[in-house]
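Please keep the model open as you read.

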Amino acid sequence: MEETDREAVATAVQRVAGMLQRPDQLDKVEQYRRREARKKASVEARLKAAIQSQLDGVRTGLSQLHNALNDVKDIQQSLIDVNKDWRQSINTIENLKDVKDAVVQHSQLAAAVENLKNIFSVPEIVRETHDLIERGELLQAHRKLMDLECSRDDLMYEQYRMDSKNTHDMNLIHTYFGDMQKLSEELAKQLWMVVQRSLVTVRRDPTLLVSVVRIIEREEKIDRRMLDRKKQTGFIPPGRPKKWKEKMFNILERTVSTRIEGTQADTRESDKMWLVRHLEIIRKYVLDDLLVAKTLLDQCFPPHYDIFNRLLNMYHQALATRMQELAAEDLEANEIVSLLSWVLNTYTSAEMMGNSELSPEVDVNLLDALISRNVVDQLLSKYMSTLTSNIIGWLRKALETDKKDWIKETEPEADQDGYYQTTLPAIVFQMFEQNLQVAAQINEDLKTKVLILCLQQMNSFLTRYKDEAQLYKEDHLKNRQYPQCYVQYMIAVINNCQTFKESIISLKRKYLKSDMEDTLSISHANMDATLDIIAKEGCSSLLDEVFMDLETMTLEAHRRVVVEYIRAIMLKRISFKNAEERKEGAERMIKEAEQFRFLFKKLAAGSGEDTEGLCDIIEAIAEVIKLTDPSLLYLEVSTLVSKYPDIRDDHIAALLTVRGDASRDMKQTIIETLDQGPSQPNPNYVPIFKEITVPTLTVPKLLK
């Protein structure tokens with residue numbers, strides 16, 4: 001208490017000090033005193049009121065406790081009196097057992113009287129109910145069936161209450177109503193037939209389906225009522241609960257599974273496209289069924305049935321089961337692709353679950369996968385393994401077929417430009433295209449894997465192609481009269497190399513992502529190198545063929561060789577696209593001119609013929625082709641004309657066309673200018689160009 005006083009004094013001193021900090025505040029001391037006096041009086045008044053309120057509450061509480069104590073004493077006394085009365089009345093209660101039994105019997109008799117009419121008319125009601133079921137009046141039939149069941153159940157319940165162990169009377173009642181159970185089963189059979197055909201029934205007679213649902217709902221209510229009574233009394237009628245709602249969904253689930261499984265109309269033996277047809281039928285059936293379920297079926301069921309989502313889950317599970325069964329079969333490569341494409345793409349596409357008419361109830365992003373990732377990987381692995389074997393076999397067969405053409409007595413076909421060719425490149429890359437297009441139906445990753453596989457096998461194939469071309473040459477050298485069209489088919493082999501190169505580039509550009517280019521750069525370089533070797537060896541074999549033919553000819557053939565060589569150039573058997581190709585081609589021509597010169601010297605030894613001049617013509621033409629600056633083209637051509645004055649305008653035009661970079665105007669200008677200039681021929685020059693004609697007919701040419 002003293003501590004409180006000291007704190008109060010200290011607080012007061014602090015407050016006074018705060019009020020009297022300046023001299024002018026001394027004039028307000030009296031005002032401060034009165035204000036503090038008022039506050040003190042107010043606080044004291046509130047304090048007194050609070051204390052008085054607490055005292056009143058305590059007084060009231062004590063009074064209530066006193067009254068409660070008196071009430072407890074009264075209740076205690078009353079309980080003592082009740083206990084005495086209860087003990088005195090035990091004997092009286094035991095004497096009322098006969099009354100209790102009489103009450104139970106009265107209740108049973110009352111139930112029997114109440115159901116007496118139904119009891120006596122059971123056979124008649126059974127017949128009427130049976131007729132109603134046969135006529136399809138299911139609601140009326142079910143109403144009568146419920147009346148019969150109600151009569152039986154009430155009688156059995158009363159018997160159970162009277163003597164639950166009296167099985168004889170229970171069996172007697174059950175036997176008397178025995179036909180009723182058959183009616184229930186017969187009605188249920190009709191219900192399940194309607195449920196099985198619900199998607200058809202809802203289009204033709206939706207009221208019938210609604211009646212079936214109403215019957216099932218009635219039975220569900222009875223089931224719940226019987227189960228509640230069982231909890232209270234322990235009694236439940238035979239056959240309860242029927243669980244017809246649960247059975248209905250089981251029927252629907254089996255119907256969906258049967259519908260999915262029954263769509264396979266063919267086998268692999270009867271139709272190679274059996275799986276494609278099977279999957280397409282499934283797609284159509286499922287989409288049609290779900291659309292009907294959403295637009296019509298959903299209106300025939302109570303909302304709490306959530307019938308559309310239940311059916312959606314049933315179809316999804318049935319499809320998952322069917323797809324897993326198909327995946328477990330020994331599928332061929334094309335069948336694996338068809339299955340995976342359907343599972344991974346078609347199922348969630350707008351053609352099926354992603355259909356706009358199923359939205360928003362169906363969200364494809366929430367659908368589980370039809371087959372697991374592990375199964376997908378296994379199928380892809382099997383597909384790649386099978387495809388590898390197939391590609392190897394296809395390439396081997398294609399090469400064998402091409403080799404058979406090499407020994408034909410007819411020339412190979414020519415393309416639109418007149419180049420000899422065989423069908424090998426087209427067959428190979430058409431096969432690659434088909435497999436890549438199929439793989440693209442599944443996903444980008446598989447497409448890339450298939451492309452890599454194709455190019456890897458192509459690399460091995462080109463090595464075999466090179467070896468076969470070499471064997472072709474060696475077999476020909478054993479008997480140069482066979483095959484008859486050796487030269488033409490060797491030209492076709494050489495031309496095929498360029499086609500292969502272009503096709504490989506096209507295939508990579510079309511199907512390979514740019515970030516994967518480095519992965520195949522080494523493989524591509526190897527293929528290019530192999531193709532270059534094939535082309536080079538092919539050209540070499542053709543030159544060898546020429547040289548061997550020349551050894552059997554007279555010295556006059558030298559001139560003919562050069563004429564034919566120049567004619568081949570003039571006939572555009574060689575064409576160039578850029579300066580690098582022109583340089584490479586010109587250098588090759590110069591090299592070949594040296595080979596001609598060497599051969600001619602051997603064959604013309606002692607004849608005195610000027611073979612050097614013939615080879616110089618080839619080199620002069622090569623210089624025109626090799627020229628890199630088009631502005632100097634006129635000068636180079638004029639030099640050529642001055643050396644060989646018998647060269648004509650059509651020769652110059654053909655030569656400029658071979659270069660590939662001279663426009664029509666440039667050709668015309670050069671020709672017109674040359675026509676105007678003087679010509680000073682070498683007196684020792686023997687005309688050669690007059691023997692070379694440039695016809696309009698397109699003829700085959702060698703690959704550069």
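## A serine and its neighbours

Setting aside residues up to four places away in sequence, S184 touches L145, E149, K242 and W244. This is a predicted model, and S184 is found there in helix α8, which covers residues 178-196. With one of those neighbours, K242, the S184 side chain makes a side-chain polar contact of 3.1 Å.

Is S184 buried or exposed? Its relative accessible area is 6%, and because buried means under 20%, S184 counts as buried.

## The cavity beside S184

S184 also turns up in the lining of the second largest cavity, together with E149, R152, M180, Q181, P238, G239, R240 and K242. The volume of this second largest cavity is about 40 Å³. Helix α8 provides the largest share of its lining, three residues, while α6 (138-162) and α8 each supply at least two. Sorted by class, the lining of the second largest cavity holds four charged, three polar and two nonpolar residues.

## The largest cavity

How many cavities of 30 Å³ or more are there? The count comes to two, and the largest has about 60 Å³ of space. Around the largest cavity you will find A469, Q470, K473, M490, I534, E537, G538 and S541.

Two helices, α17 and α19 (521-550), each bring at least two residues to the lining of the largest cavity. Helix α19 gives the most, with four residues. By class, the lining of the largest cavity has three nonpolar, three polar and two charged residues.

## Cis peptide bonds

Two peptide bonds deserve a look. The bond from S359 to P360 is cis, with omega near 0°, and P360 sits in the loop between α14 (333-346) and α15 (373-406). A cis peptide bond also joins Y482 and P483, with omega about -5°. P483 belongs to the loop between α17 (444-478) and α18 (486-511).

## Positive phi away from glycine

K243 is a residue other than glycine with a positive phi, near 55°. Its place is the loop between α10 (206-233) and α11 (244-261). With a relative accessibility of 42%, K243 counts as partly exposed.

D306 is not a glycine either, yet its phi is positive at about 50°. You can find D306 in the loop between α12 (274-295) and α13 (307-328). Its relative accessible area is 36%, so D306 is partly exposed.

Note on methods:
Residues numbered from 1 in each chain as written. Predicted model: local features only at pLDDT ≥ 70, side-chain atom pairs only at ≥ 80, totals over all residues. Heavy atoms only, no water. Buried < 20%, exposed > 50% of the residue type's maximum accessible area, 1.4 Å probe, protein only. Polar contact = N/O pair within 3.5 Å; in protein donor to acceptor, adjacent residues only side chain to side chain. Contact = heavy atoms within 4.5 Å. 1 Å grid on protein atoms, 1.4 Å probe; cavity = no way out; pocket = protein on both sides within 12 Å on 5 of 7 lines; lining within 4 Å. Points joined across faces, edges and corners; volume = space filled by probe spheres on them. Nonpolar A, V, L, I, M, F, W, Y, C, P; charged D, E, K, R; others polar.
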